[in-house]
Amino acid sequence: MKKVVVLGGGIAGVETSIFLRKYGFEVELISNRDYFYIYPISIWIPTKEKKFEDVTIPLKDLAEAHGFKFTQDKVIKVDKESFTLEKAGERRDFDYLVVALGQDKLKHKGIEHTYSICGNPNETLKYSEKLDSLIKAGKGKLAFGFGGNPKAKEAVRGGPVFELLFNVDYYLRKLKIRDKFELTFFAPMPKPGERLGEKALKMMDVMFKRLNIKSVTGKKITEFTPDGVLLEDGTKIESDLTCFVAAGDGHPAVKAGNLPQTEAGFVVIEPTNQVKGVENVYAVGDSCALEGPEWKAKQGHLAEVMARNTAYNIALKEGLEKGNPKTYIEHINILCLMDMGNGGGLAYRDDKKAMLIPLPILGHWMKKGWGIYYKLSKLGKIPRLPGM
Ligand SMILES: Cc1cc2nc3c(=O)[nH]c(=O)nc-3n(C[C@H](O)[C@H](O)[C@H](O)COP(=O)(O)OP(=O)(O)OC[C@H]3O[C@@H](n4cnc5c(N)ncnc54)[C@H](O)[C@@H]3O)c2cc1C
């Protein structure tokens, strides 16, 4: 059977490996971390609703459950005909290569004074520790923001920042110390979150006012400092703890290699996920440049569609499937169950509609339930629901 090497052990890489194994391919997954990190439920680590181990699955357990090989190493370069690992050096021993390395983040001046919940999982732990110490001190100023990338608008990640903000607000209320904390939301764009539609923007505004959260938008960030955020008009957001999610940027291993890529370093793919002009290399998930409408976004559910399509399209090339290649384009939509600690909102956007359906109480428990389902089903302990 042909050998497929999958680079990256996140949502895209794991799903690709699982589905390639269903066709019987020999699969090796290479990742720098030895665990699969379930980002969508990691927002609850700082508020103590989840422990680190609740949002991770050891990759060796997934490898055992699905029969693929797991190798821990760091990919430093991906080329059309080979890839290079930090420990093992250059390798060419594959029939197909799938790039699923996720994305990097833009580097802003003073970013080291901020914590992202969308990057290295250790940063979420550090954020959590710092929040604990402020809670112990009994007061603090907290800032939550995200930035944009003019070269890749779809790489903006704002949803998790809103989720963390509302969850921290609710957590402080539960501890009965919310009045001792000042919470500020900030973003350089005038209408952050606008791709979810006007209704969602208005709802967010109402929530901010109701929860006494300050909002500073439409001002460019000049620098982060240990005690706040400096803005282009010379004003400063005072902050003892800043959560900032910079927009995505191309992965360094992609930038270092010769795969076709956009100015921002995202892999250019066909709608079938095959890398443009490279017959046996595919890219899935956050690593690739997306085609599609202005409001498109890089999301986990799209990464999984791309992963399943890639397994199918490789099987098609090998004569194990019949039919036409599958493409991701028709699956572009925004689907996000945005958690608010004591409830949630279901955000949905496609070409025809944009809506945000409030789901008080139920929304929170639906997302919690999804997290449990996701973990167990990935390990093959419970059956998968179609399309999930
Ligand atoms: C906090 C948060 C909440 C989110 N919530 C939602 C949600 O509710 N719904 C939704 O649809 N999407 C959500 N998303 C988006 C979703 O998580 C991403 O789109 C998805 O994780 C992309 O999957 P990926 O596999 O492409 O990248 P990643 O999940 O980032 O995985 C990349 C993998 O590559 C590995 N890797 C990276 N660099 C190297 C290297 N040099 N060498 C070897 N391995 C490497 C990493 O260890 C990781 O295993 C959320 C994202 C975040 C951060």
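Modeller: Let's start with pairing: two strands pair if DSSP finds at least two bridges between them. Strands (E, at least two residues) and helices (H or I, at least four) are DSSP runs, numbered from the N terminus. This is a predicted model, where local features need pLDDT of at least 70 and side-chain atom pairs count only at pLDDT 80 or more, while totals for chains, interfaces and linings use all residues. Residues are numbered from 1 along each chain as its sequence is written, and side-chain values use heavy atoms, leaving out hydrogens and water.

Colleague: Thanks! What does pLDDT say about the protein chain?

Modeller: pLDDT is the predictor's confidence in each residue, from 0 to 100. The protein chain averages 96, and 100% of the residues score at least 70. Confidence is lowest in helix H5 (residues 198-210), with a mean of 88, and highest in strand S1 (residues 3-7), at 99.

Colleague: Which strands does S9 join?

Modeller: S1 and S9 run parallel, joined by four bridges, and valine 4 sits opposite tyrosine 96 in S9. S9 also runs parallel to strand S19 (residues 281-283), through three bridges; there, valine 98 has tyrosine 282 as its bridge partner.

Colleague: Are the faces of strand S9 buried or exposed?

Modeller: Buried means under 20% relative accessible area, exposed over 50%, and partly exposed in between (1.4 Å probe, protein chains only). In strand S9 (residues 96-99), both faces are covered: Tyr96 and Val98 are buried on one side, Leu97 and Val99 on the other.

Colleague: What is the strand order in the open sheet of three strands?

Modeller: The order is S14-S15-S16, with antiparallel pairing. Strands S14 (221-225) and S16 (236-238) stand at the edges with a single partner strand each, so one side of each has no neighbour in the sheet. Strand S15 (residues 228-231) pairs with S16 over three bridges, and glycine 228 has glutamate 238 as its bridge partner in S16.

Colleague: How many salt bridges are there?

Modeller: A salt bridge is a side-chain nitrogen of Lys or Arg within 4 Å of a carboxyl oxygen of Asp or Glu. By this rule there are 32. One of them joins lysine 367 to glutamate 163, with the closest N and O atoms 2.9 Å apart. This pair links distant parts of the chain, helix H8 and helix H4 (residues 159-174), 204 residues apart. Lysine 367 and glutamate 163 are both buried.

Colleague: And where is lysine 77 in this picture?

Modeller: Lysine 77 meets aspartate 79 in a salt bridge (3.4 Å, N to O). Lysine 77 counts as partly exposed because its relative accessibility is 31%, whereas aspartate 79, at 9%, counts as buried.
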